[in-house]
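Good morning. I will go through one protein structure today, and I will begin with a term we need for its helices.

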Amino acid sequence: MRTRVRPISPRQTGRRRRRPDEHYVLQLQRTIGNRATTRLLRQPVEAPPKPAVKKPEVLKKAGVSTDDRVNDKTAGLIQAALEESVELAPYLKGKFPKYAITKGFELHTREDDFNEAVKTIVKKNREPMTEKQRAEAYGKVGGFYDRPSNKVHVRSRTKFGHAVHEAMHKVASPAFHGFWGDFVNEGVTQLFADRLLVEHGLTEVTDHEYKDELACAKKLVALTDWQTVAAAYFTADMKLLNAVGRKLKMDTNGVHDAIAAGTLCSRLS
Ligand SMILES: [Zn+2]
């Protein structure tokens, strides 16, 4: 048997019920009482108020700027800034206390102490060197993150914005670096360091050495959106890889090969 489709009356197509007019409201109040009327009125016409989103303010309140030098308060401030971040909140769930910035943040107050750390921990250089040689070789390093020990190292003249970059490595998913490699990883790390600073009313870092890497990270954002890149970076979500694969008409191995060959970013025009 066939069923006829009833045409929809114009009244049913209205997206929202209109607010009852005053006369009708008065009539209702007389019959069922004020309290019940208020309840009836509120339900269909007013959306529940959204909880007020607290604007991140911890860095502004502390009076810190992107180009300030780090000090013994830096780790605590970055931790507070991450915890206050509205943008990053969905991606940082469950990261703390294990990956807390305040745990494993070493500020080397002696220049040579930091240079020695770069030599042995980052460069794995066992050759004997003088203090001057270490300064010449590693004097430009602003900070680093040591993955095996899950520690951030900075020196007294490291700038706050650079410390935020190193701290970002700590809360990132290790799987992101594992698949996307150093180049993309550094760019995306800088991208989220800048986003966190800007969300807190500070300026982006301008004196980093990741211009090309950051440009590549921005291509990934242009292809998807920052949330997709964030999900990949912080939680190893697969949507970013799938989007890149679709764009380049490649499977996972193909994307991986392009990363290894250093051609990924130029293909993502
Ligand atoms: Zn880095």
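First, the term: angles under 35 degrees count as roughly parallel, over 145 as roughly antiparallel, 65 to 115 as roughly perpendicular and the rest as oblique. Axes here are lines fitted to C-alpha atoms, for helices over the stretch in contact, and angles run from 0 to 180 degrees between N-to-C directions.

This is a predicted model, where local features need pLDDT of at least 70, side-chain atom pairs count only at pLDDT 80 or more, and totals for chains, interfaces and linings use all residues. Residues are numbered from 1 along each chain as its sequence is written.

The protein has 14 helices and three strands; these are DSSP runs (helices H or I, at least four residues; strands E, at least two), numbered from the N terminus.

Now the pair I mentioned. The axes of helix 12 (residues 239-248) and helix 13 (residues 252-261) are 9 Å apart, at an angle of about 85°. The two helices are therefore roughly perpendicular to each other. Helix 12 makes the contact with L241, V244, G245 and L248, and helix 13 with T252, G254, V255 and A258. Contact means that C-beta atoms, placed from the backbone, lie within 7 Å.

Next, burial. Of the 269 residues, 29% count as buried, meaning that 20 or more other C-beta atoms lie within 10 Å of a residue's own.

Last, I78. Leaving aside neighbours within four places in sequence, I78 is in contact with I101, A163, V164 and A167. Among contacts between residues at least 6 apart in sequence, 58% join residues at least 24 apart.

Definitions and conventions
Buried ≥ 20, exposed ≤ 12 C-beta atoms within 10 Å, placed from the backbone. Contact = placed C-beta atoms within 7 Å.
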